[in-house]
Amino acid sequence: MAIFDGYLPERQPSAATIKRWRPVIAHLIAHLGHDEPRRITVDDVIGWKEALARRGVSGRTIREVYLAAAKVVFAWAVENRRLDTNPA
């Protein structure tokens, strides 16, 4: 969540985006069982995506909401040297 919180002041997304993406990032953290971004792997993100699909989340929602949020936030973290690679 620290990366998401760091992303917010610089990129200044809309209130609607913050409201939609904060629970997405929280869901990823809950799925992983930790809040340590350097430990997140591509396989972790794939497992999260598969778990969402098993829960009945539509492919479009997974792609356009869950993965989109993760990709953007992790890309920001890479640009700001908080992560070496983007696992999403």
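Predicted model: local features only at pLDDT ≥ 70, side-chain atom pairs only at ≥ 80, totals over all residues.
Author: Local features here require pLDDT of at least 70 and side-chain atom pairs pLDDT 80 or more, while totals for chains, interfaces and linings use all residues. Residues are numbered from 1 along each chain as its sequence is written, and side-chain values use heavy atoms, with hydrogens and water left out.

Reader: Why is F4 called buried?

Author: Buried means under 20% relative accessible area, exposed over 50% and partly exposed in between, with a 1.4 Å probe and protein chains only. F4 has 1% relative accessibility, so F4 counts as buried. Y7, at 6%, is therefore buried as well.

Reader: What makes the pair of F4 and Y7 stacked?

Author: Rings of Phe, Tyr and Trp (its six-membered ring) pair if their centres lie within 6.5 Å; planes under 30 degrees apart count as stacked, over 60 as edge-to-face and the rest as tilted. The ring centres of F4 and Y7 are 6.3 Å apart and the planes lie at 20°, so this pair is stacked. Ring pairs also link F4 and Y7 with W21 and W76 in a cluster.

Reader: Why are α2 and α4 called roughly perpendicular?

Author: Axes are lines fitted to C-alpha atoms, for helices over the stretch in contact, and angles run from 0 to 180 degrees between N-to-C directions. Angles under 35 degrees count as roughly parallel, over 145 as roughly antiparallel, 65 to 115 as roughly perpendicular and the rest as oblique. α2 and α4 pack at about 85°, with axes 10 Å apart, so α2 is roughly perpendicular to α4.

Technical notes
Helix = DSSP H or I, 4+ residues; strand = E, 2+ residues; numbered from the N terminus.
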